[in-house]
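Please look at the sequence and the structure together before reading on. The notes below take up a few local features, one topic at a time.

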Amino acid sequence: MRGDTGVDGAATEEKQDEAALEQGKAREALLRGKAYLGREFLTWLLWKSESGDPIVQYEGTGLVPLFQGRIVLKGITGDVTELSAKGTLAPYSEQVRFALDRGLLVHMARVRLNVGERTFEATLDAEFLDIRAAKLPELMSEEEDDRVSERLYLADQLSAMIDTLLDAFIQVRTGATWSKKVVPEMKRWMKGEDAPTVDLVGRARRAAQG
């Protein structure tokens, strides 16, 4: 990723001698913190999710994410370094895209994951890519011991889904097309130049009813 440009438009790293490189790493850690890659991941995921298409395959089934409810954006420069938006379609709103275009990135969001007939929900935090809160599919077991085991199994499934999405992002982020293709496409989306191709209102209503 050396010499690449991040989604916020800032260089991730410049070519330097060894001493300057160490100083740069320290400054980078101070300014961006460990959360930066997580913020890029959530911002990329928001962009990809607007199409309504599966982003990855999970156990042979397409995994479709949908952002909903409250979303928190953060950045390291500019007049505004943190912004929170609420509403059913807040993550896909023009206001959020405008803030992203100004250099903020998604720091925390509620994401609904649809895989086959199962639906999971999780609040994701970019700080350590933690799952802050989760809603699992309805349990099928009747015995208490079986219900505990099923709940643990579903929690592992949710964690594995997040890992699968993150792996897909890392492949893109470290690939040759990131700076030349992906970032420009995301910036066009932030500016509203790429119109959504799905009925986000309908998706959000169906998600709320589900």
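This is a predicted model: local features need pLDDT of at least 70, side-chain atom pairs count only at pLDDT 80 or more; totals for chains, interfaces and linings use all residues.

**Helix α2**
- Helix α2 covers residues 36–49, and at 1.5 Å a residue its 14 residues should span 20 Å, which agrees with the 20 Å that separates its end C-alpha atoms.
- This helix is mostly covered, since twelve of its 14 residues are buried, where buried means under 20% relative accessible area.
- Among the buried residues of α2 are Phe41, Leu42, Trp44 and Trp47, and the list also includes Arg39 and Glu40.

**Loop residues with a positive phi**
- Glutamate 59, which lies in the loop between β1 (56–58) and β2 (61–74), has a positive phi of about 55° although it is not a glycine.
- Because its relative accessibility is 55%, glutamate 59 counts as exposed, the cut-off for that word being over 50%.
- Leucine 129, found in the loop between β5 (118–125) and β6 (130–135), also is not a glycine and has a positive phi of about 55°.
- Leucine 129 has a relative accessibility of 26%, and therefore counts as partly exposed.

- Is aspartate 146 buried, partly exposed or exposed? With a relative accessibility of 42%, aspartate 146 counts as partly exposed.

Definitions and conventions
Residues are numbered from 1 along each chain as its sequence is written. Side-chain values use heavy atoms; hydrogens and water are left out. Buried means under 20% relative accessible area, exposed over 50%, partly exposed in between (1.4 Å probe, protein chains only). Helices (H or I, at least four residues) and strands (E, at least two) are DSSP runs, numbered from the N terminus. The expected span of a helix is 1.5 Å times one less than its number of residues.
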